[in-house]
Amino acid sequence: DTSGNITIPEAVPAGFEGKPKVEATSADGKYWVGYAMDKNGHLGGLYHPLLWTDGVPEVLPMPEKGFREQELTTGVMARGISANGEIIYGSTWDNFDFGMVYWDRSGEPHFVGEDVRKVKPVQRSDGMGDYYDYNLVDGIICYASASQVSPNGKWLAGTYRKEELADDEMSIEETYYAAFFNT
């Protein structure tokens, strides 16, 4: 830390394997955020968001469903934290959505911009004549960046992505807008 003290975090919490990934810290170094893979590993395991307080890890709760209202298939990662340590944000990580999540001051997870997030069920073509259920989403997404939160945690920055099914019924047309969210 800025005083020259070295903190070695505890190993990942019970039920996890491998080395955790620390993504960001609060300004004073008291809080760290990141993620770790559960013991199922890459054979069906999930990434789980972690918060370390003075080097001691805890698992943060995850939303019940993914950004597209589906079961989580890869998990959720904590990506950043406000300088004062009060607001944590991250993303679902299913390689097709990057839905932005934040944990409020009481530690509960929410999708950023949940008041303007729209889930739109469609039938999507597989290109071979069959169709499958798919959810398009207009909502706020985030990438792996540790700088999308104001120092006091009041504002989160992301990208509002609108999705429409293309005329070929396979492709998704996306439109992007800069977005800010008041926590």
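The protein has zero helices and 12 strands. This description rests on a predicted model. Read from the N terminus, the order of elements is β-β-β-β-β-β-β-β-β-β-β-β.

**Overall dimensions and surface**

Taken along the principal axes, the C-alpha atoms of the protein fill a box of roughly 60 × 35 × 25 Å. A compact globule of 183 residues would have a radius of gyration near 16 Å, and the 18 Å found for the protein agrees with that value. Of the 183 residues, 44% are buried. The protein exposes about 9800 Å², and carbon and sulfur atoms supply 52% of this area. Among contacts with a separation of 6 or more, 47% are between residues 24 or more positions apart.

**The sheet E1 to E4**

Four strands form an open sheet in the order E1-E2-E3-E4, and their pairing is antiparallel. Strand E1 (16-25) and strand E4 (56-59) stand at the edges; each has a single partner strand, so one side of each is left without a neighbour in the sheet. Neighbouring strands of this sheet are turned by 35° against each other on average, with direction ignored. Within the sheet, strand E3 (residues 47-53) runs antiparallel to E4 and is joined to it by four bridges. At this pairing, Leu50 stands opposite Val59 in E4.

**The sheet E5 to E8**

A further group of four strands, in the order E5-E6-E7-E8, also makes up an open sheet with antiparallel pairing. Its edge strands are E5 and strand E8 (109-111), each of which pairs on one side only. From one strand to the next, the twist averages 35°. Strand E5 is joined by five bridges to strand E6 (residues 88-92), and the two run antiparallel. Here Val76 stands opposite Thr92 in E6.

**Arg68 and Glu163**

Between E4 and strand E5 (76-81) there is a loop, and Arg68 lies in it. Glu163, by contrast, lies in strand E11 (residues 155-165).

The side chains of Arg68 and Glu163 are joined by a polar contact of 2.8 Å. The side chain of Glu163 makes a polar contact with the side chain of Arg161 as well, at 3.3 Å. The table sets out these side-chain contacts of Glu163.

| Residue | Partner | Polar contact between side chains |
|---|---|---|
| Glu163 | Arg68 | 2.8 Å |
| Glu163 | Arg161 | 3.3 Å |

When neighbours within four places in sequence are left aside, Glu163 is in contact with Arg68, Lys120, Asn135, Leu136, Val137, Asp138, Ile172, Glu173 and Glu174.

Methods:
Residues are numbered from 1 along each chain as its sequence is written. This is a predicted model: local features need pLDDT of at least 70, side-chain atom pairs count only at pLDDT 80 or more; totals for chains, interfaces and linings use all residues. Side-chain values use heavy atoms; hydrogens and water are left out. Two strands pair if DSSP finds at least two bridges between them. Axes are lines fitted to C-alpha atoms, for helices over the stretch in contact, and angles run from 0 to 180 degrees between N-to-C directions. A polar contact is a pair of N or O atoms within 3.5 Å; within protein, one must be able to donate a hydrogen and the other to accept it, and residues adjacent in sequence count only if both atoms are side-chain atoms. The radius of gyration is taken over C-alpha atoms; the globule rule is 2.2 Å times the number of residues to the power 0.38. Buried means under 20% relative accessible area, exposed over 50%, partly exposed in between (1.4 Å probe, protein chains only). Contact means heavy atoms within 4.5 Å. Accessible areas come from the Shrake-Rupley method with a 1.4 Å probe; for residues, only the protein chains shown count as cover.
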